[in-house]
Amino acid sequence: MIERQRHSLFGRRTAGGASPPADDVHVLPDRTVPGFSPLPLPAADESTILGFPVEEPEADDASAVAELPAEQPAAVPPEPAIRLVVLPRADPLAGIALVLAGVAAAASLWVPWVEGDADTGSSLVVRGLTAAGSGLVALDRSGLWQPVAIVLGGVLLLLLGVLLFLPSRTHRVVGVLSLVVASGATAGVLFLMASAGWSTARFGPGMWLAVAVAALGILGALKAMLTVPRVTLKHRGRARR
């Protein structure tokens, strides 16, 4: 009885039953975690990013990158085939007006400016320049700055009028200078007329010539300033002469 119990403790069955043969024992397969292939470790001289190896582009990819076209520059719009060209030209009308103003100033030197007075324009200018040598205050007190301003202004207008006969793209600069000079002559004429009480009864030939200097100077200066430049159309393909 004791021997039977010992056999039962070691897996043997009690009497009356036979133990199963060893071939009938079924062994369960090993249950493991689904397998995965571990990442290869990078070599010592291989470039990595955060510990992972960097995949370098293959030769075909590198050649494809090298063959990419460079960025094209912005297209420049073509220049127009026709352009405006300013033609140099003279301004004879303005030049004639200024020259006539200078001639009138020169003619006023040989005739009296006031009726019944023997003093000509040349004597008045000489006396005025003598007073100007003592200073502008002495010239103002003498009351002779008006003939000096008119005659000298006429001479300057004559020189500026000659420049208007030369071809130029524009004569506005000469026109502005002429206007300044003519304004000084006009101021002298107005002061003389005011001193005569705005009466033309005492005007001599020299005084009328002085009025002509102021009027012609203003007209010639405005004509030179307001004249529009002459332009023309020119093809770029034509050769310059």
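**Close-up views of the predicted model**

**View 1. Arginine 202 lies in the loop between H7 and H8.** This is a predicted model, in which local features need pLDDT of at least 70 and side-chain atom pairs count only at pLDDT 80 or more, while totals for chains, interfaces and linings use all residues. Residues are numbered from 1 along each chain as its sequence is written, and side-chain values use heavy atoms, with hydrogens and water left out. Helices (H or I, at least four residues) and strands (E, at least two) are DSSP runs, numbered from the N terminus. Arginine 202 counts as exposed, at 51% relative accessibility. Here buried means under 20% relative accessible area, exposed over 50%, and partly exposed in between (1.4 Å probe, protein chains only). Not counting residues up to four places away in sequence, arginine 202 touches Trp113, Val114 and Glu115; contact means heavy atoms within 4.5 Å. The C-alpha atoms of arginine 202 and valine 114 are 5.7 Å apart in space, although the two residues are 88 apart in sequence.

**View 2. Helix H7 has 24 residues.** Its span from first C-alpha to last is 35 Å, close to the 34 Å expected at 1.5 Å a residue; the expected span is 1.5 Å times one less than the number of residues. Buried residues of H7 include Val174, Gly175, Ser178, Val181 and Ala182. The buried residues of this helix pack against H3, H6 and H8. Glycine 197, with a positive phi near 75 degrees, follows H7.

**View 3. The largest nonpolar core has 27 residues.** A nonpolar core is a set of buried Ala, Val, Leu, Ile, Met, Phe, Trp, Tyr and Cys residues joined through side-chain atoms within 4.5 Å. The members that touch the most others are Trp113, Ile150, Leu157, Leu164, Val189, Met207 and Val213. Two or more residues of this core come from each of helix H3 (92–107), helix H4 (121–133), helix H6 (145–163), helix H7 (172–195) and helix H8 (205–226). H7 gives the most, with seven residues. Leaving aside neighbours within four places in sequence, valine 213 is in contact with Ala101, Ala104, Ala105, Ile150, Gly154, Leu157 and Ala185.

**View 4. Lysine 223 and aspartate 91 meet in a salt bridge through their side chains.** The N to O distance is 2.8 Å. The pair links distant parts of the chain, with lysine 223 in helix H8 and aspartate 91 in the loop between E3 and H3, 132 residues apart. A salt bridge is a side-chain nitrogen of Lys or Arg within 4 Å of a carboxyl oxygen of Asp or Glu. Aspartate 91 is buried at 4% relative accessibility, whereas lysine 223 is partly exposed at 29%.

**View 5. Aspartate 119 forms a salt bridge with arginine 127.** The closest N and O atoms of this pair are 3.1 Å apart. Aspartate 119 is partly exposed, with a relative accessible area of 28%, and arginine 127 is also partly exposed, at 43%. The count of salt bridges comes to two.

**View 6. Ile82, Leu84, Val86, Val231 and Leu233 make a nonpolar surface patch of about 450 Å².** Patches are made of residues with over 30% relative accessible area and no salt bridge; like charges are joined within 9 Å, and nonpolar side chains (Val, Leu, Ile, Met, Phe, Trp, Tyr) within 5 Å. Accessible areas come from the Shrake-Rupley method with a 1.4 Å probe; for residues, only the protein chains shown count as cover. Strand E3 (82–87) and strand E4 (230–235) each supply at least two residues of the patch, and E3 gives the most, with three. Leucine 233 is in strand E4 and is exposed, with a relative accessible area of 56%.
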